[in-house]
Amino acid sequence: MTTYVYGIAAASHPGLPDGMEGIGKPACPVRILKQGDLAAIVSDAPEDLKPKRRDLLAHQNVLSEAGAAGSVLPMRFGSLAPDDETVISVLGERADHYAERLRTLDGRVEYNVKASHNEQAVLHQVLAENPELRAMVEANRREGGGSHEQKLKLGEAVTSAVRAREASDSVEVRRALEPAAEAVAEGPEGTGWLANVSFLVSRKAADGFVAAVEELKSTQPHLDLKVHGPLPPYSFVDPGPAEPAE
């Protein structure tokens, strides 16, 4: 049967959740596979595995239970291996790598920051910083809104200026927050935001990171920042044996 992998920990981890309930309906019991100094937190995988809210929460709960007592390498939802034997084999093959990651990520969490523009605020800012755009707006206004060609030219100029600002603000988000983190991982690009960045932060330094986010919000009010965390450090783990579920 296909094996679902929640995470990897040291075999000596004092709080591995053997016997708790994981994903699936009915919920699949969580069990522990050990190989040498490592352990994998796994369960059976439902045949119809989908990213439903119930299963996403179950995945998170297992990792929270394990992470509360010691370092765990979290796997993303949907991480699968063909069977238990494959998981055990990979634990042995990649033992040094996993041990190094466990040491590095011990006591650390992830904060994901997505940034987008407040459209009205960034438009005002772009116009305030660009005399040529202001002159075009004023010229159109004097002519009762301007001709179709003038409106089109102004629209293209504004769009170009806003895109340039998106690029520079993406750099600014990382520059402002990187000093408060130990590592940075760029997330996949997507529509709706200009930056998608994950930061690895020591639990002891979490208040400082949150303060840096608040400082960025206050100094760059045209940015809409959405912060998710603290999270298990998903973006800083090599996924190892598992493959995402389709």
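How many helices and strands are there in the chain? In this predicted model, the count comes to seven helices and 10 strands. The chain's radius of gyration is 24 Å, well over the 18 Å that the globule rule gives for 246 residues, so the chain is more spread out than a compact globule. The C-alpha trace tells its own part of the story, spanning about 75 × 40 × 30 Å along the principal axes.

Buried residues account for 41% of the 246 residues in the chain. As for contacts between residues at least 6 apart in sequence, 74% of them join residues at least 24 apart.

Now for a sheet. Four strands make up an open sheet, in the order S7-S8-S6-S9, and their pairing is antiparallel. The edges belong to strand S7 (183–186) and strand S9 (223–231); each has a single partner strand, so one side of each is left without a neighbour in the sheet. From one strand to the next, the twist averages 20°.

Inside this sheet, strand S6 (residues 108–117) and strand S8 (residues 195–202) run antiparallel and are joined by eight bridges. Lys-114 stands opposite Asn-196 in S8. In general, strands of a sheet pair through backbone hydrogen bonds, either parallel or antiparallel.

And what lies across S6, S7, S8 and S9? That is helix H6 (residues 148–177), which runs at about 160° to S6.

Definitions and conventions
Residues numbered from 1 in each chain as written. Predicted model: local features only at pLDDT ≥ 70, side-chain atom pairs only at ≥ 80, totals over all residues. Heavy atoms only, no water. Pairing = 2+ DSSP bridges. Helix = DSSP H or I, 4+ residues; strand = E, 2+ residues; numbered from the N terminus. Axes fitted to C-alpha atoms, helices over the stretch in contact; angles between N-to-C directions. Contact = heavy atoms within 4.5 Å. Rg over C-alpha atoms; globule rule 2.2 N^0.38 Å. Buried < 20%, exposed > 50% of the residue type's maximum accessible area, 1.4 Å probe, protein only.
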